[in-house]
Amino acid sequence: MKMRKILLVEDERRIARMVQAYLAREGYRVEVAFDGEEGWSQFQALAPDLVILDLMLPRLHGLELARRIRSESNVPIIMLTARAEEADRVAGLEMGADDYVTKPFSLRELAARVRAVLRRVEGAGNREVIEAGPLKIDLAAREVYLGEKPVELTPTEFDLLSFLARHPGRVFTRRELLEAIQERAYASLPRTIDSHIKNLRRKIEPEPTKPTFILTVHGVGYKFRPEKGG
Ligand code: CA
């Protein structure tokens, strides 16, 4: 199996070295950048399979770096945040980060997230294609089309959309959706689901404020539109 490349952007050298050593033992090749600008140049040079990104970085803020990366790539991003940075965390998810880990974190937990995110991206052999009107979700290829046009989704957006679409008409709470797209719910906030849904709607809905695919069920959560006659 090909060795996965991870770019770690973290200015606290002690943490960076610990994470690097731990993930290297888990079989990943880990490159470290110690500030945002260095992170950006390394991202372009390395083309990593996954980015682990601290938010509070010198020279270029982690959110800005996430935005730059997203403008070029759907590479999975895991954010590292302090407990007090909730607003940044939500902003990061809106920016298209796939997951976050709150400091202080255990190396085992981080490694579990890395594995889960990479597994989601690489997908398992599932032949199914889900169609709902003009929306087509190819579960095997992890591709989404609107009519003939491909839609670029982040790994988390794809997982959320395909999970909902596999159960049309069924209502899920935010907590259930979090659990569905992650191995375990860990400490994620239910409202992170709202950010992902907002991003998804922007990408697949002709009018994101009048959604036709993923419907809001007030006071409960979300559902994918029911099948005709169902
Ligand atoms: Ca920092």
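Which domains does the domain assignment of the protein give, and what lies between them?

Author: The structure is a predicted model, in which local features need pLDDT of at least 70 and side-chain atom pairs count only at pLDDT 80 or more, while totals for chains, interfaces and linings use all residues. Residues are numbered from 1 along each chain as its sequence is written, and side-chain values use heavy atoms, with hydrogens and water left out.

The assignment gives domain 1 (5-122) and domain 2 (129-224); such bounds come from an automatic or database domain assignment. The C-alpha centres of the two domains are 24 Å apart. Where they meet, 20 residues of domain 1 are in contact with 20 residues of domain 2, contact meaning heavy atoms within 4.5 Å.

The size of an interface is often given as the accessible area lost when the parts come together. Here the area buried between domain 1 and domain 2 is about 1,800 Å², and carbon and sulfur atoms give 46% of this area. Buried area is the accessible area (1.4 Å probe) that two parts lose on being put together, summed over both. Asn-74, Glu-94 and Arg-120 supply 32% of what domain 1 buries against domain 2, more than any other three residues.

Two residue pairs between the domains are in polar contact, both at pLDDT 80 or more. A polar contact is a pair of N or O atoms within 3.5 Å; within protein, one must be able to donate a hydrogen and the other to accept it, and residues adjacent in sequence count only if both atoms are side-chain atoms.

On the side of domain 1 that touches domain 2, the elements giving two or more residues are helix H4 (86-94), strand E5 (99-103) and helix H5 (107-122). Helices (H or I, at least four residues) and strands (E, at least two) are DSSP runs, numbered from the N terminus. H5 gives the largest share of this side, seven residues. By class, the side of domain 1 that touches domain 2 has eight nonpolar, two polar and ten charged residues. Ala, Val, Leu, Ile, Met, Phe, Trp, Tyr, Cys and Pro count as nonpolar, Asp, Glu, Lys and Arg as charged, and the others, Gly among them, as polar.

One further detail concerns the loop between E5 and H5, where Pro-104 is found. A cis peptide bond joins Lys-103 to Pro-104, with omega about -5°.
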